[in-house]
Amino acid sequence: MTKDHDLYSEKMISIPAPRFVIFYNGEKKRPEQEVLRLSDAYFIREEHPALELEALQELIAKKLEKGLSVQEIAEALEEEPDTIRNLITHKKEG
């Protein structure tokens, strides 16, 4: 990503946008999609934290209940099908 760039120059180097996805496979009822914020875990709450990360939580179980295949879920989440399959298998095995 930065091999051909001078990291210490004044010129800004473009980087890919970060993408955070949280997979929830617990038993508590949760919305199918939910935005989670890192700042919710801070000891001291600030109205405008200096660092804020947001992640979209996708509930795989809800998608399976709707009859979506592992391949369709993987494509929707832009993940590898094996990742989704492993999460589902891990949940079934406990």
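I looked up Lys-63 and found it in helix α1, residues 60–65; helices here are DSSP runs of H or I with at least four residues, strands are E runs of at least two, and both are numbered from the N terminus. Lys-63 is buried, with a relative accessible area of 10%. For that label, buried is under 20% relative accessible area, exposed is over 50%, and partly exposed lies in between (1.4 Å probe, protein chains only). I took the C-alpha to C-alpha distance from Lys-63 to Ile-73 as 7.0 Å, at 10 residues apart in sequence.

The model is predicted: local features need pLDDT of at least 70, side-chain atom pairs count only at pLDDT 80 or more, and totals for chains, interfaces and linings use all residues. Residues are numbered from 1 along each chain as its sequence is written, and side-chain values use heavy atoms, with hydrogens and water left out.

Next I checked the core. Ile-73 belongs to the largest nonpolar core, together with Ile-60, Val-70, Ala-74, Leu-77 and Ile-84. Such a core is a set of buried Ala, Val, Leu, Ile, Met, Phe, Trp, Tyr and Cys residues joined through side-chain atoms within 4.5 Å.

I then looked at Leu-51, which sits in the loop between β2 (33–37) and β3 (54–58). Leu-51 counts as partly exposed, at 48% relative accessibility.

Last, the whole protein. I noted three helices and three strands, in the order β-β-β-α-α-α from the N terminus. Of its 94 residues, 18% count as buried. Among contacts (heavy atoms within 4.5 Å) with a separation of 6 or more, 48% are between residues 24 or more positions apart.
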